[in-house]
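Please look over the sequence and the model below before reading on.

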Amino acid sequence: MPEMLPSADEKRELHLLDYWRAVWRGRWTILSIFVVVVTLVAIGTFTQKPMYRASATVEITPQSRKVSPMADVAELGSSQYGWYAEERYFNTQYEIIKSRDVAQRVFDNLDLYNHPHFKKSNDPIGFLSKMIDVEPVKDTGIVEISVEGENPEEVASWVNTIAEAYVDRNIDQAVEATSRAVKARLRELAPLREKLEATQRDSFEVAEKAKL
């Protein structure tokens, strides 16, 4: 008499039954692991300090003012050189916002040198600069500056001071560039002034001789 072999469906049912029996035998182990994982996650969630994110916005305009054909007063202009130069200018400004120079100004303005959050770092100024997140707003010249921390009032103060420090830095750069441009212009005019004075002296001498 030929032996009857189980069909594919019967084999599948047998496999599923075996799996179910294995799971049922280890149900208490699985339940214990589940309880432990849920407990650890709950403990971590409740003991973790909440993080706050504060943001400020600044507008970046790549427009320059010139006092002569070759002198860029603000040293901020690049839009007249095309899209690539303008993109490079904006990327440069993003890096400046996150620079040590801006972070240094924030430390000086807020006196953060003894703040517990930064005092534990070997490089507190660099630590602050790494905390700064810069995100440009699409299709605008506006940039969103953000900082995260455990104290909402402090991070709000930090991010506002970062934005102010960046603006003040650009103003200082513009003033310095203007001063250099004016000095260069005065140096260009010095020979003309001397020539004018010499011409006036010659005119006076001629007039004096002619008794005019």
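Predicted model: local features only at pLDDT ≥ 70, side-chain atom pairs only at ≥ 80, totals over all residues.

Helix 4 covers residues 100–110, and its buried residues are Val 102, Ala 103, Val 106 and Phe 107. Viewed down the axis of helix 4, these buried residues fall within an arc of 140°, so they line one face of the helix. An α-helix has 3.6 residues a turn, so residues three or four places apart point the same way. After helix 4 comes Asp 111, which has a positive phi, near 55°.

Arg 105 pairs with Asp 101, with 3.4 Å between the closest N and O atoms. These two residues are four apart in helix 4, so about one helical turn separates them. Arg 105 has a relative accessible area of 23% and is therefore partly exposed; Asp 101, at 33%, is also partly exposed. Both belong to a network of salt bridges that links Asp 101, Arg 105, Arg 169 and Asp 172.

Arg 100 forms a salt bridge with Asp 123, where the closest N and O atoms are 2.9 Å apart. This pair joins distant parts of the chain, 23 residues apart: Arg 100 is in helix 4, and Asp 123 lies in the loop between helix 5 and helix 6.

In total the structure holds seven salt bridges. Another of them joins the side chains of Glu 148 and Arg 53, at 3.1 Å from N to O. Glu 148 sits in strand 5 and Arg 53 in strand 1, 95 residues apart, so this pair too links distant parts of the chain. Glu 148 counts as partly exposed at 39% relative accessibility, as does Arg 53 at 47%.

Notes:
Residues numbered from 1 in each chain as written. Heavy atoms only, no water. Buried < 20%, exposed > 50% of the residue type's maximum accessible area, 1.4 Å probe, protein only. Arc of directions from axis to C-beta. Salt bridge = Lys/Arg side-chain N within 4 Å of Asp/Glu carboxyl O.
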